[in-house]
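Dear colleague,

I am passing on the structure we spoke about, with the sequence alongside. Please look it over before reading my notes.

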Amino acid sequence: MTSTLYRHGVVHSPADPFAEAVVVEDGTIVWIGSDDTADGMVDRADEVVDLDGALVAPAFVDAHVHVLETALALDGVALTPEAGVRSLADALDAVHRAAQVHDAGAGLPILGHGWDEQEWPEGRAPTREELDRAAGGAPVYLARVDVHSAVVSSSLAAAAGLAGLPGWDDDGRVERDAHHAARTLARDVEPARRGALYRRALQAAAAAGIVAVHENSAPFVDTREGLAQLLAMTADAESGLPLVVGYRGELCVTSDDAHALLEAVPGLTGIGGDLNVDGSIGSRTAALRTPYADAVPGAEHPAGVLHLTAEQISNHLGAVTRAGLQAGFHIIGDRAMDEFMLGLGVAVDVEGVDAIRGAGHRIEHAEMIDAHALASLVLLGVRLSVQPAFDAAWGGPDGMYARRLGAGRAAALNPLADLAAAGIPLAFGSDAPVTPFDPWGAVRAAVTHHESDQRISARAAFRAHTRGGWRAAGLDHTGAGEIRLGAPAHLALWRAEHLAVQVAHPRVSGWSADPRAGTPLLPDLEPGAPEPRCVRTVRSGIVIHDELD
């Protein structure tokens, strides 16, 4: 039996809002209280940590990630403004530099991530011929920032057999089936390197105060074998890595299909996640009721693309429900949500309300959701995994959403306050590598939503990014996501210059800022405030990231 006493800090615990110390014993929180009492426990603790004013809070859960793709993005060519790429010319220069050191004999393509043609003065993506020249003929795969389309070089297109596939364009732009084929080739990694890549991405998550991630795996994102490897290597806290909660996006017709997948990937939590009903708004592949405001003249699909029918959705929901698992779907556009609601209704008719509600099925993203759909989702126990950082990146009157959809439709996206007010279970995530591991950034984005009537309190946002992630996966029965007696010690320690209680927007549920009210404190997230720094992340009492002085 081992124990650690953390003292002289600020403990974020509704159970004891004035706590300054906490004791962890064999991975469980066994005591919370004041420094005066903690001083008498020093001799009994195996380790005593002086927090020196640090905040001890529940560690974050990132409810939507792609671990392999995140690692490949970290290893590959960064095509973002933060990396100094602010134009098409910059992007081609970055590819050329990568080609100069590329090991052609290894058989691996040059991988890049994060380009957004709307942020470049040229206003367009690279072409296949431009990539061929920049890379000297080497195979190249460059994913758009939303990872729902890409551009590829001629040699990669030939190796993957892309010409003629749905979504192929002769200029090297790939969407839909062509993109899936290119993505599959680009992610063809041997097991030894795959394990190292997994570890790199998960260590980056731990450094951001994240103790668990929901891996949204799919055939064009990673392999079944890779997901099984990932789940096995993180099953125990002794791994020194965050827990990986596994979802696999493969369509099931019968419960036998679901059981076969369970057998192939032991430890699977759900069958869904990146089971795509549609695509993304940035790539104009999210399925809309009416065409995109900036649809390309003569576009084959001016209102986006549906990947699944209501019949397929219904069959999948029924099969996974009977197998005793969660089903889940990627849904962004309003037309895609309509199709899902049709399928959900049929599944309810076949399986029964109680069976569907009890399964706790989930939707990823749900960016365009109307009142009718929301009411039905609440009644049927559907959980939502959402990404506030999307609004921060692409919302607002001058953002990508407004350009793609028009100001009216764009203003209705990501209605966080409406979702929270309806009582639907919310979990926050990054969709890494689409946006980086930055949980405080997500909390800030929810508090400062571009539409003021869709802002939620910092406390509500924090809970959605901590306890909400455990709840979305059906793992909240242990008390995970809170600091209270008997809960697993999933903790993050933060250096923050200022701690405060947010003064809420008038529409948001208010919390008293009076210290006597005992509202747990959080870092100051106002614009310009210093970023909190994670100095330790703890999973079940075991340190998985440490920068404590």
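This is a predicted model: local features need pLDDT of at least 70, side-chain atom pairs count only at pLDDT 80 or more; totals for chains, interfaces and linings use all residues.

Residues are numbered from 1 along each chain as its sequence is written, and side-chain values use heavy atoms, with hydrogens and water left out.

Five strands form an open sheet of mixed pairing, in the order E2-E6-E20-E23-E24 (strands are DSSP runs of E of at least two residues, helices runs of H or I of at least four, numbered from the N terminus; two strands pair if DSSP finds at least two bridges between them). At the edges, strand E2 (10-11) and strand E24 (542-546) each pair on one side only. Strand E20 (residues 491-495) runs antiparallel to strand E23 (residues 533-539) over 5 bridges, with Leu493 opposite Arg536.

Helix H10 (residues 310-322) has 13 residues and spans 18 Å from first to last C-alpha, close to the 18 Å expected at 1.5 Å a residue (1.5 Å times one less than the number of residues). Just after H10, Gly324 takes a positive phi of about 80 degrees.

Among the residues that line the largest pocket, 23 are nonpolar, 10 polar and 7 charged (Ala, Val, Leu, Ile, Met, Phe, Trp, Tyr, Cys and Pro count as nonpolar, Asp, Glu, Lys and Arg as charged, and the others, Gly among them, as polar). For the second largest pocket, the lining divides into 12 nonpolar, 8 polar and 9 charged (on a 1 Å grid over the protein atoms alone, a pocket is an open set of points where a 1.4 Å probe fits, with protein on both sides within 12 Å along at least five of seven lines, and lining residues have an atom within 4 Å of a point).

Best wishes
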